[in-house]
Amino acid sequence: MDQIWLFGDYSQAEVRVAAWAGPIPSMKSWFERGEDVHLNVAKMIGKVVEENKLVLPRKLWGRKPWQELSKHDQMDHDNERDLAKRTVHANTNGMGPIQFGVITGLPVKYAQIVQDVYHAIFPEIHGNYHAWIIQQLKSTRTLTNPLGWRRTFYDIYGPALEREAFAWYPQSTIGLLTIRTFTHVCEVFATNYPDAQILTPMAIRKLGMDVQLQVHDSIGVVLPND
């Protein structure tokens with residue numbers, strides 16, 4: 001019988017965690033309505049770029065009216081939306097302009113402009129989410145994520161430690177959720193498995209779904225195409 005891949009992933013999950021922890025109200029409302037956060041951010045940055053006549057390299061934004069950006073247009077998806085996605089993750093986690101320039105390919109001058117626009121659109125990232133993390137670091141040096149995992153940060157206090165904490169809170173949460181899902185999928189035991197059957201490696205694999213791949217916050221299983 002033919003087999004097919006089945007993938008499940010936590011959609012835009014790390015940003016969701018930060019949006020609720022902050023809170024970051026506009027992002028929360030987008031998630032609650034099932035909207036594409038990265039596309040919305042691309043449009044909002046495009047609006048600021050257009051209204052302020054900002055010039056960015058490689059025609060990033062300004063290539064077409066910001067209202068017309070669509071995730072279904074491959075050019076928009078790979079251009080404005082992709083850069084917006086990188087902007088959301090990097091700057092919610094407090095990345096500096098030099099490193100942000102490296103991951104986006106933007107000169108530092110323009111990377112800083114995009115960062116400034118992003119934080120002007122979402123002041124709650126600094127004002128709520130980052131401030132909340134920093135307050136906990138300065139008081140106890142310890143963070144506890146929503147699933148109860150505690151971590152104490154022992155390094156010398158400074159911007160690098162803060163950035164590590166900004167990123168750890170959502171990343172550890174989604175990592176634990178993915179592990180939990182992975183375990184559930186692998187422990188779908190057959191109810192009619194013979195007691196006398198020898199548990200060979202091949203037999204054990206039949207007790208759960210055939211998990212072949214795990215990438216970041218997604219897992220892929222192979223199933224009969226029936």
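Predicted model: local features only at pLDDT ≥ 70, side-chain atom pairs only at ≥ 80, totals over all residues.
Trainee: Let's start with the overall picture. How many helices and strands does the protein have?

Mentor: The protein has nine helices and five strands. In sequence order, the pattern reads β-α-α-α-α-α-α-α-β-β-α-α-β-β. The C-alpha trace spans about 75 × 45 × 30 Å along its principal axes, and buried residues account for 38% of the 226 residues.

Trainee: Why is Val15 called buried?

Mentor: Its relative accessible area is 2%. Buried means under 20%, so Val15 qualifies as buried. Val15 is found in helix 1.

Trainee: Which residues are in contact with Val15, leaving aside its neighbours within four places in sequence?

Mentor: With those neighbours left aside, Val15 is in contact with Met27, Phe31, His38, Val88 and His89. As for Leu213, Val15 lies 198 residues from it in sequence and 23 Å from it in space, C-alpha to C-alpha.

Trainee: Now for helix 4 and helix 5. Why are they described as roughly antiparallel?

Mentor: Helix 4 (residues 74-92) and helix 5 (residues 97-104) pack at an angle of about 150°, with their axes 11 Å apart. The label applies over 145 degrees, so about 150° makes the pair roughly antiparallel. Helix 4 passes helix 5 in a right-handed crossing.

Trainee: Where do helix 4 and helix 5 meet?

Mentor: Leu83, Arg86, Thr87, Ala90 and Asn91 of helix 4 meet Phe100, Ile103 and Thr104 of helix 5. Sorted by class, this contact of helix 4 with helix 5 has four nonpolar, three polar and one charged residues.

Trainee: What makes a group of residues a nonpolar core?

Mentor: The members must be buried residues of the nonpolar kinds on the list, joined through side-chain atoms within 4.5 Å. The largest such core here has 29 residues, and those with the most contacts inside it are Met27, Val41, Ile45, Trp61, Tyr118 and Phe122. Helix 1 (13-21), helix 2 (25-32), helix 3 (37-51), helix 4 and helix 6 (108-121) each supply at least two residues of this core. Helix 3 gives the most to it, with six residues.

Trainee: Which residues does Val41 touch, leaving aside its neighbours within four places in sequence?

Mentor: Val41 is then in contact with Trp30, Ala84, Val88, Tyr118 and Phe122. There is also a second, separate core of 16 residues, including Ala21, Tyr129, Leu161 and Tyr169. As background, nonpolar side chains tend to be buried together in soluble globular proteins.

Trainee: And how many of the contacts between residues at least 6 apart join residues at least 24 apart in sequence?

Mentor: For the protein, that share is 57%.

Methods: Residues numbered from 1 in each chain as written. Heavy atoms only, no water. Axes fitted to C-alpha atoms, helices over the stretch in contact; angles between N-to-C directions. Helix = DSSP H or I, 4+ residues; strand = E, 2+ residues; numbered from the N terminus. Parallel < 35°, antiparallel > 145°, perpendicular 65-115°, else oblique. Left-handed = near helix turned anticlockwise from the far one by under 90°. Contact = heavy atoms within 4.5 Å. Nonpolar A, V, L, I, M, F, W, Y, C, P; charged D, E, K, R; others polar. Buried < 20%, exposed > 50% of the residue type's maximum accessible area, 1.4 Å probe, protein only.
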